[in-house]
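The structure comes up next.

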Amino acid sequence: MERFLGFPHNHCFLMLFLTSLSPPGLAQYEHWPYLPAYPEPPPQVYQPPQRPANVPKIQLRLAGQKRKHNEGRVEVFYSGEWGTVCDDDFSIHAAHVVCRELGYVEAVSWLPSSKYGKGEGKIWMDNVHCTGKESTLAACTSNGWGVTDCKHTEDVGVVCSEKRIPGFKFDSSLLNQIENMNIQVEDIRIRAILATYRKRVPVTEEGYVEVKDEGTWKQICDKHWTMKNSRVVCGMFGFPSERKYNTNVYKMFASRRKQHYWAYSMDCSGNEAHISSCKLGNHLNVDVEKNATCENGMPAVVSCVPGRAFAPSSHSGFRKAFRQEQPLVRLKGGANTGEGRVEVLKNGEWGTVCDDNWNLVAASVVCRELGFGSAKEAITGARLGQGMGPIHLNEIDCTGFEKSVTDCKFNTESQGCNHEEDAAVRCNVPAMGFQNQLRLSGGRNPYEGRVEVLAERNGTLKWGTVCSENWGTVEAMVVCRQLGLGFASHAFQETWYWHGDVSADNVVMSGVKCSGTEMSLSHCRHDGADVSCPRGGGRFGAGVSCSETAPDLVLNAELVEQTAYLEDRPMFMLQCALEENCLASSAVNTSVTSGYRRLLRFSSQIHNNGQSDFRPKNGRHAWVWHDCHRHYHSMEVFTHYDLLNLNGTKVAEGHKASFCLEDTECEADVQKQYECANFGEQGITVGCWDVYRHDIDCQWIDITDVPPGDYLFQVVINPNYEVAESDYSNNVMKCRSRYDGQRIWMYNCHIGGSFSEETEEKFDHFSGLTNNRVATR
């Protein structure tokens with residue numbers, strides 16, 4: 001079946017807003033540039049309500065920094081001058097009038113107090129009262145033009161729906177004589193013509209470029225089509241680049257069938273993230289029947305090159321989890337393939353990018369570099385989580401044709417930037433069809449349910465369940481990503497409370513073991529056709545619940561290095577610790593009255609840098625009371641502490657049960673939510689951290705039996721993956737350590753994934769671990 005591919009954000013239709021701007025400075029649609037107009041108006045032009053005769057003509061625009069095209073500070077052009085609107089008495093009714101006047105279907109909300117920055121010039125309107133039915137903001141009542149007691153700190157802003165009014169056309173008789181034209185295109189697709197491309201995955205790499213105009217799919221004439229246009233179209237569908245194709249074959253196809261051509265052509269520079277940002281090219285001749293013609297031409301064809309992660313491989317169908325040899329750029333913290341916080345490698349260390357001047361052009365360079373298409377969204381304000389370490393790049397300025405974002409102009413100084421301004425991207429990725437191979441059944445909402453997969457049995461495709469034996473968070477993560485539902489919040493091994501489709505009760509997949517990077521559950525290791533599941537499916541089928549956001553715990557490595565020391569502690573002070581298995585096994589033979597244990601002590605400061613709060617897996621009903629220490633354990637093992645010798649063998653270990661998971665401290669603008677006292681709720685809020693001081697029980701490793709020497713010290717948070725996180729690679733912290741029998745030194749402490757693989761290999765090689773790597777899974 002032929003797949004129709006739409007534009008980003010799953011819009012039902014897409015507008016190309018084409019206009020010529022004059023005077024300069026009209027900024028209301030900075031992400032949707034207008035294109036030159038043509039004399040003939042498009043059909044079915046929207047006619048706004050008539051403006052009353054006594055109401056002056058005004059023009060509106062949306063302005064301000066770090067915003068989308070459909071939101072911003074409301075600015076009014078009146079009496080030859082741009083000005084703002086005060087938020088006093090402003091309402092959602094007034095916002096509706098503004099948005100409709102700008103061509104949007106309705107307002108979503110309005111924002112007071114100059115949320116989009118302070119405007120300049122006059123404040124034209126104050127105490128605005130609208131019913132919502134006015135044809136123009138000028139028809140609403142106010143104090144009078146320019147009569148106000150407001151300051152620009154009270155400038156109002158609006159957020160309009162992204163949906164445009166079909167056929168909307170700006171009034172070309174406005175005071176500053178802006179000529180406008182709106183071409184409406186409901187959808188666009190790459191339609192495969194050759195049989196070899198019709199069943200290809202990704203869908204589709206080569207075919208006609210077609211647009212839906214007035215409900216009819218039309219081709220674009222290739223007379224003025226360029227490879228730059230092809231690059232933009234390919235990027236929109238998730239492909240990083242374009243290539244040449246066999247024109248003779250397509251000429252033969254074109255000669256056999258009458259084409260229906262769109263009346264316009266595109267003139268792209270090639271660096272646009274979206275075809276709507278291109279200029280309008282030459283207008284085609286229109287015959288008597290209003291069908292455009294393409295004299296001596298044929299339909300435009302694009303042939304796109306998929307990124308290496310999406311290119312079929314002769315051995316495995318698709319590369320399970322493609323990684324570049326030495327990548328310079330990576331994405332972290334994203335829920336779905338092709339999205340995440342942008343991190344770059346510099347001097348062997350990974351760091352983030354400041355969002356100053358971050359835009360779709362730079363974001364598209366990142367996306368194409370990683371084997372995706374152009375950017376769907378350039379995300380600011382650390383909305384996909386904060387990074388750690390240095391901020392390498394600031395004020396990035398790209399042309400859009402760079403091979404790497406590190407080739408763009410940028411400022412190496414990051415003064416004034418912090419990790420609250422980390423830049424991120426969402427890239428266009430090819431349609432692989434993976435989401436059609438799997439479904440959630442029986443849940444209370446679309447984000448949860450029993451996992452059912454489509455498997456081939458005896459030549460037919462049948463839905464069935466997944467065996468829940470050894471089913472865990474990592475496997476659930478792959479399911480949620482495959483369905484585009486974000487992160488896994490829970491993995492379930494019993495789903496009797498979710499009544500799925502009875503015809504899908506049989507187990508069709510077992511032995512599933514994922515690394516977490518797979519794009520599809522079928523890419524994980526599993527038993528294949530030889531299904532083995534002791535308890536069967538149905539009520540014991542694997543289940544998941546998904547969430548759009550997830551926490552991300554990161555240990556402060558520097559604090560561990562600064563606070564590590566040795567203590568010889570008398571055995572009579574360690575009886576509770578002995579009961580909770582916080583000492584080495586030889587401790588049971590140590591005299592309570594005269595013996596002691598040598599403890600490696602240190603402080604842990606665990607930050608939640610993610611997008612949602614970290615909560616223990618178990619609710620209060622499942623917490624365990626420890627009478628000796630007089631507290632509840634909400635997670636039996638929250639952290640592992642290991643001391644390894646130079647061949648990678650563990651010589652001593654400790655663990656920290658999560659006896660009191662709480663917000664010890666928070667960033668300035670974050671409120672504490674979790675406190676353990678009086679059987680309170682446990683967790684770590686986003687932007688807060690939990691501190692385990694060096695002087696509390698079990699915050700140690702018992703090294704009484706360890707001889708002097710060089711060691712590797714390792715801490716692993718959430719080691720059993722009991723709680724889902726957006727990034728597990730930074731849950732590991734490693735240090736080099738030297739113990740001389742009396743003192744201990746910690747140095748080179750760092751978080752997993754903070755250095756390049758080459759640097760890590762040198763670290764491990766020096767520690768004798770090159771062939772015995774310590775893995776987190």
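Aspartate 705 is exposed, with a relative accessible area of 53% (exposed means over 50%, buried under 20%, and partly exposed in between, using a 1.4 Å probe and protein chains only). This is a predicted model, in which local features need pLDDT of at least 70 and side-chain atom pairs count only at pLDDT 80 or more, while totals for chains, interfaces and linings use all residues. Residues are numbered from 1 along each chain as its sequence is written, and side-chain values use heavy atoms, leaving out hydrogens and water.

**Aspartate 705 and its partner**
- Aspartate 705 meets arginine 597 in a salt bridge of 3.7 Å, N to O (a side-chain nitrogen of Lys or Arg within 4 Å of a carboxyl oxygen of Asp or Glu).
- Aspartate 705 lies in the loop between strand 41 (700-702) and strand 42 (709-717), and arginine 597 in strand 33 (residues 596-601), so the pair ties together parts 108 residues apart in sequence (strands are DSSP runs of E, at least two residues, numbered from the N terminus).
- Arginine 597 is buried, at 2% relative accessibility.

- Within it, arginine 426 pairs with glutamate 377, their closest N and O atoms being 3.1 Å apart.
- Arginine 426 is partly exposed at 25% relative accessibility, whereas glutamate 377 is buried at 11%.

**Another pair, and the total**
- Arginine 444 and glutamate 448 form a salt bridge of 2.6 Å, N to O.
- Arginine 444 is exposed at 73%, but glutamate 448 is buried at 6%.
- The whole structure holds 27 salt bridges.

Conventions: Helix = DSSP H or I, 4+ residues; strand = E, 2+ residues; numbered from the N terminus.
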